[in-house]
Amino acid sequence: MLRPTLLFSLLAASALAATSDQWRNRSIYQLVTDRFATPDGSSPSCDTSQRQYCGGTWKGVVNKLDYIQNMGFDAIWISPIVANVEGNTSYGEAYHGYWTQNINALNSHFGSADDLKALSDALHKRDMYLMVDVVVNHMAGTADPPNFSAFQPFSSQSNYHSECFISNYDNQTDVEQCWLGDKNVPLVDLDTEDSNIVSTMNSWVSTLVSNFSVDGVRIDTVKHVRKDFWPDFAKASGVFTIGEVLHNETGYVSAYTEVLDSVLDYPTWFPLVAAFQTTGGNLSALSATVQQAQSAYKNGEFMTGSFLENHDQPRFQSLTQDDALIRNAMTWPFVQDGVPIMYYGQEQSYGGGPDPANREALWLSGYVEDKPLVKHVQALNGARKAAISANSNYLTTAVKFLSSGSESTLAVSKPPMLALLTNGGSSSSPSWSVPSAGFIANEELVDVLTCNKLNADSNGGVSVQGSGGSPQVLMPVSSLSKSGNVCSDLATGGQASSARGWFGGAAESLPLIAAFLFASWAAQSSLIII
Ligand code: ABC
Ligand code: CA
């Protein structure tokens, strides 16, 4: 018997099964759950060097969704949610969530199952998506040899590859079958060649996604598991998958774009940081890598996660304090082909160095919205949404680098947007000369970062004199919308913002999904956990 509530849940769950197509127009705010917001709005001290839980929870995130949404983000990526090692280790507590002990229980420091569902519901009410971080590669021990019986559900030593710490990253077998971590906190490597482990992991991710109406998963340590493990795992999740492959070569990372929906674009991140962390950094290395990635990755760079910071790397603002370099570098992920991801705290000018310093408590900033970088991010998200609305091919048009007239500038074209970047620094007066910018002759343009107007020349090119080393993001005035979030006073185009609702394309396909579910329900019903 199909209970009406069950049918409703099935439909709701299927509508949540967000695909690449539903993610590509999104913009993601990455947060460390323990460090983003406390449930009662209190501001306890948080010394990152101590590596202890500081008190952030899922409830805290719910209370601060306005803050995230006001910046223009429509998805969040949270820390892993499962139960971790308890108590202290040589590297502190498991506040980051990557030290799994039991995949079938939640990390109670972050809240209850109801709290996590409430977060998911609150996001969906705002047309926002939830991305959860998942770890398949390992469980975390607190001694060497580890206490295997503490791990759930894989509590036998035979469930793991035998102990050897990865020392040679050029040996792919070592990378896949030896252990991350060290003797203090060994990341005990699961035998992901074993069919029982494979099927347990596949049904685990499927249940996790449906229990908490998750819209996408960020997969940890992807290069540490054999490639052919991933297609079935991704399929079992039923949602968009984005993998972490920490490597600087597009040739290495591209193989993983064949087995998952997408990857974090680490190969571009390395030259991105190098290009903007000092004046005179190498901009052509950045454009060269992007071009390589565009041709090497399965879907070009359209589905990659494009980022400047994350929880594993020193914050960009620990590498330079030059405000112009910072604003140029921050612009990049939003004008590039992929899905932009911004790491929490960047907007508040956090400048923590390597892990653990880069995981500051955001409550200590007071979540002030009237700040230059908060406004910068709002403009960038607004501009990207306007470009998506104005050009239905925007998200599948590859970025092109146009000749800009100097080595310290870049002209990044993705019509209707032309981003003019520079690493001259705040004391420079950059100029861009872009004879073939692709605009209409004499077209009226606006720099969406300042709302200053200018005109294309009679060939549709632009010659722009900047100041203070600032980036500019040019768009035709006609591509702005009065109902949009960027320079809307100037808008001449009247089109409504086409920022798609949460149901997006799924709404149209509901009847089809319902039919499919009816057909497959009888066979699957025992798997559905409500
Ligand atoms: C803990 C402490 C730290 C302490 C450290 C020794 O131990 O907290 O303070 O310094 C989690 C926690 C960490 C924790 C670790 C280990 O677990 O978040 O705080 O560190 O206990 C993912 C996650 C990451 C997570 C884990 C583990 C994996 O994003 O947050 O860490 O679940 C490798 C993995 C990568 C992993 C990363 C941390 O380690 O591949 O998946 N990230 C080379 C290798 C990379 C390697 C990297 C490590 O070194 O190729 O595979 O990443 O630093 C470039 C080269 C790269 C090179 C880089 C460093 O330089 O081209 O190849 O990467 O030039
Ligand atoms: Ca492994």
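## A buried pair

Glu 309 and Arg 315 are both buried (under 20% relative accessible area; exposed is over 50% and partly exposed in between, with a 1.4 Å probe and protein chains only). Their side chains meet in a salt bridge at 3.0 Å, N to O. A salt bridge here is a side-chain nitrogen of Lys or Arg within 4 Å of a carboxyl oxygen of Asp or Glu.

The model is predicted: local features need pLDDT of at least 70 and side-chain atom pairs pLDDT 80 or more, while totals for chains, interfaces and linings use all residues. Residues are numbered from 1 along each chain as its sequence is written, and side-chain values use heavy atoms, without hydrogens and water.

## Other salt bridges

The structure holds 19 salt bridges. One of them joins Arg 126 and Asp 66 at 2.8 Å, N to O. Arg 126 lies in the loop between helix H6 (113–125) and E5, and Asp 66 in helix H5 (residues 65–70), so the pair ties together parts 60 residues apart in sequence. Helices (H or I, at least four residues) and strands (E, at least two) are DSSP runs, numbered from the N terminus. Arg 126 is partly exposed at 25% relative accessibility, as is Asp 66 at 44%.

A network of salt bridges links Asp 133, Arg 218, Asp 220 and Glu 244.

Asn 137 and Glu 176 are both buried.

How values were computed. Chains lettered and ligands numbered in written order.
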